[in-house]
Amino acid sequence: MSFPLLREAFEDDTAELADFARVLQRELLRAAQELEHAIRSQDAGAVADLKHKLKTSLHLLGDEQLKANLQQLATNMQAGHAPSPSAREQVVDRLRRLVSALERERW
């Protein structure tokens, strides 16, 4: 992944971009842990909060599919539906893969 929107947001200021990417990595890793806990405890409110919290970050990373999957998960849980095992994979594992991609990226 090259994260073109993120690069554009920093106008190729690589030092500032690298610092922000490290902060973003920590945020995404923490969000993945919180989301996994919220899914296991079936806390629809926490999932909805995380969806809002991650909205801008996911936009900057260009991961519209993850945003859509997180929206669907939050909607389903708020409607009282238990999250499926694939829902966890679609959101939590994808967040962790984004963290890894950010770590590997050369800014």
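1. Leucine 61 touches Met1, Phe3, Leu6, Leu24, Leu28, Leu98 and Leu102, leaving aside residues up to four places away in sequence; contact here means heavy atoms within 4.5 Å. Leucine 61 lies in helix H3, where helices (H or I, at least four residues) are DSSP runs numbered from the N terminus. Its relative accessibility is 3%, so leucine 61 counts as buried (buried means under 20% relative accessible area, exposed over 50%, partly exposed in between, with a 1.4 Å probe and protein chains only). Leucine 61 and serine 2 are 59 residues apart in sequence, and their C-alpha atoms are 8.9 Å apart in space.

2. A note on the basis of these values: this is a predicted model, in which local features need pLDDT of at least 70 and side-chain atom pairs count only at pLDDT 80 or more, while totals for chains, interfaces and linings use all residues. Residues are numbered from 1 along each chain as its sequence is written, and side-chain values use heavy atoms, with hydrogens and water left out.

3. Helix H3 (residues 44-61) packs with helix H5 (residues 85-104) at an angle of about 55 degrees, the axes being 13 Å apart. Axes are lines fitted to C-alpha atoms, for helices over the stretch in contact, and angles run from 0 to 180 degrees between N-to-C directions. The angle makes H3 oblique to H5 (under 35 degrees counts as roughly parallel, over 145 as roughly antiparallel, 65 to 115 as roughly perpendicular and the rest as oblique). The crossing of H3 and H5 is left-handed, a term used if the near helix is turned anticlockwise from the far one by less than a right angle, with right-handed used if clockwise.

4. In this contact, Leu54, Leu58 and Leu61 of H3 meet Leu95, Leu98 and Leu102 of H5. By class, the contact of H3 with H5 has six nonpolar, no polar and no charged residues. Ala, Val, Leu, Ile, Met, Phe, Trp, Tyr, Cys and Pro count as nonpolar, Asp, Glu, Lys and Arg as charged, and the others, Gly among them, as polar.

5. H3 also packs with H4, at an angle of about 165 degrees and with the axes 9 Å apart. That makes H3 roughly antiparallel to H4, and the crossing of H3 and H4 is left-handed. Residues of H3 in this contact include Leu50, Leu54 and Leu58, and those of H4 include Leu66, Leu70 and Leu73. The contact of H3 with H4 divides into 11 nonpolar, three polar and four charged residues.

6. H2 and H4 pack at an angle of about 30 degrees, with their axes 12 Å apart, which makes H2 roughly parallel to H4. Their crossing is left-handed. Leu35, Ala38 and Ile39 of H2 and Leu70, Leu73 and Met77 of H4 make the contact, which by class has six nonpolar, no polar and no charged residues.

7. Asparagine 69 is placed in helix H4 (residues 64-78). With a relative accessible area of 18%, asparagine 69 is buried. Gln90 and Val91 are touched by asparagine 69, not counting residues up to four places away in sequence.

8. A search of the whole structure finds two aromatic pairs. In one of them, phenylalanine 10 and phenylalanine 20 have ring centres 5.1 Å apart and planes at 40 degrees, so the pair is tilted (rings of Phe, Tyr and Trp, the last by its six-membered ring, pair if their centres lie within 6.5 Å; planes under 30 degrees apart count as stacked, over 60 as edge-to-face and the rest as tilted). Phenylalanine 10 lies in the loop between helix H1 (4-9) and helix H2 (14-40) and phenylalanine 20 in helix H2, so the pair ties together parts that are 10 residues apart in sequence. Phenylalanine 10 counts as buried at 15% relative accessibility, whereas phenylalanine 20 is partly exposed at 28%.

Methods:
Helix = DSSP H or I, 4+ residues; strand = E, 2+ residues; numbered from the N terminus.
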